[in-house]
Amino acid sequence: MTIGERIKARRLELGLSVDELAEKIGKNRATIYRYESSEIEKLPTTVLEPLANALGVSPGYLMGWERLGDIGALLDNYDNIHPIQLKKFPLLGDIACGEPIFAQEDKESFIMADMDILADFCLRAKGDSMINARIKDGDIVFIRKMPMVDNGDIAAVIIDNEATLKRVYYYKNKNKLVLSPENPEYEPFIYSGEELNEIRILGKAVYFMSAL
């Protein structure tokens, strides 16, 4: 097999479209077609390594120097096993699932997680006010930055420089914001009028990771 044939075969094994692979490595679809047709036979390291990472193989495998090995056999034999490509998400500190806590920023910490998670950073949950949303103490919550979320979304919210994770409901006609927990033992936080000036939404919770 040529390098182009290996790229195409691996892409099809993973169920990736040409557009999806192109997006993963920051190229356009025409370039992927050129790779797969072996029109470009010698790929520089700056292309080969991201391409291999996106396809869950080593650069040596794409070049024909290595066999896919045991992982490849698993992927061939089991449709429900897929490789996970990882990237670093900044871990900015803790966020309260309960009473708001001071939002500490630790800009030197990162969490490795699936690169397909569309988030900008993550926070560690503290407390049990969101347990009915399956978010428990110690879970890592991934946040996509946005200044406003839809009603019913779970969001990271700053209240007078302290952070909390709650389900958000905003009633524009009443100029009222309700931050609702997912635990009946906790009361919702309700803000209106000038109190809203002290509140800032960091973003929407889009994913979380729990330890077994």
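This is a predicted model: local features need pLDDT of at least 70, side-chain atom pairs count only at pLDDT 80 or more; totals for chains, interfaces and linings use all residues.
Two strands count as paired if DSSP finds at least two bridges between them.

**Strand pairing**
- Strand E5 (residues 140-145) and strand E10 (residues 199-209) run antiparallel, joined over 6 bridges.
- Phenylalanine 142 has tyrosine 207 of E10 as its bridge partner.
- E5 also pairs with strand E4 (residues 121-127), in the antiparallel sense, over 4 bridges.
- Here arginine 124 is bridged to isoleucine 140 of E5.

**Helices H2 and H3**
- Helix H2 (residues 18-25) packs on helix H3 (residues 29-36) at about 100°, and their axes are 8 Å apart.
- Angles of 65 to 115 degrees count as roughly perpendicular, so H2 is roughly perpendicular to H3.
- H2 brings Val18, Asp19, Leu21, Ala22 and Ile25 to the contact, while H3 brings Arg29, Ile32, Tyr33 and Tyr35.
- Of these contact residues, 7 are nonpolar, 2 are charged and none is polar.

**Helix H4**
- Helix H4 spans residues 45-55, and its buried residues include Val47, Leu48, Leu51, Ala52, Ala54 and Leu55.
- These residues lie on the same side of H4, because their arc around the axis is only 160°.
- An α-helix has 3.6 residues a turn, so residues three or four places apart point the same way.
- Thr45 and Thr46 are exposed on the other side of H4.
- The cover over the buried residues of H4 includes helix H1 (3-14), H2, H3 and helix H5 (59-63).
- Glycine 56 follows H4 and has a positive phi, near 70°.

Key
Residues are numbered from 1 along each chain as its sequence is written. Side-chain values use heavy atoms; hydrogens and water are left out. Axes are lines fitted to C-alpha atoms, for helices over the stretch in contact, and angles run from 0 to 180 degrees between N-to-C directions. Helices (H or I, at least four residues) and strands (E, at least two) are DSSP runs, numbered from the N terminus. Angles under 35 degrees count as roughly parallel, over 145 as roughly antiparallel, 65 to 115 as roughly perpendicular and the rest as oblique. Contact means heavy atoms within 4.5 Å. Ala, Val, Leu, Ile, Met, Phe, Trp, Tyr, Cys and Pro count as nonpolar, Asp, Glu, Lys and Arg as charged, and the others, Gly among them, as polar. Buried means under 20% relative accessible area, exposed over 50%, partly exposed in between (1.4 Å probe, protein chains only). The arc is that of the directions from the helix axis to the C-beta atoms.
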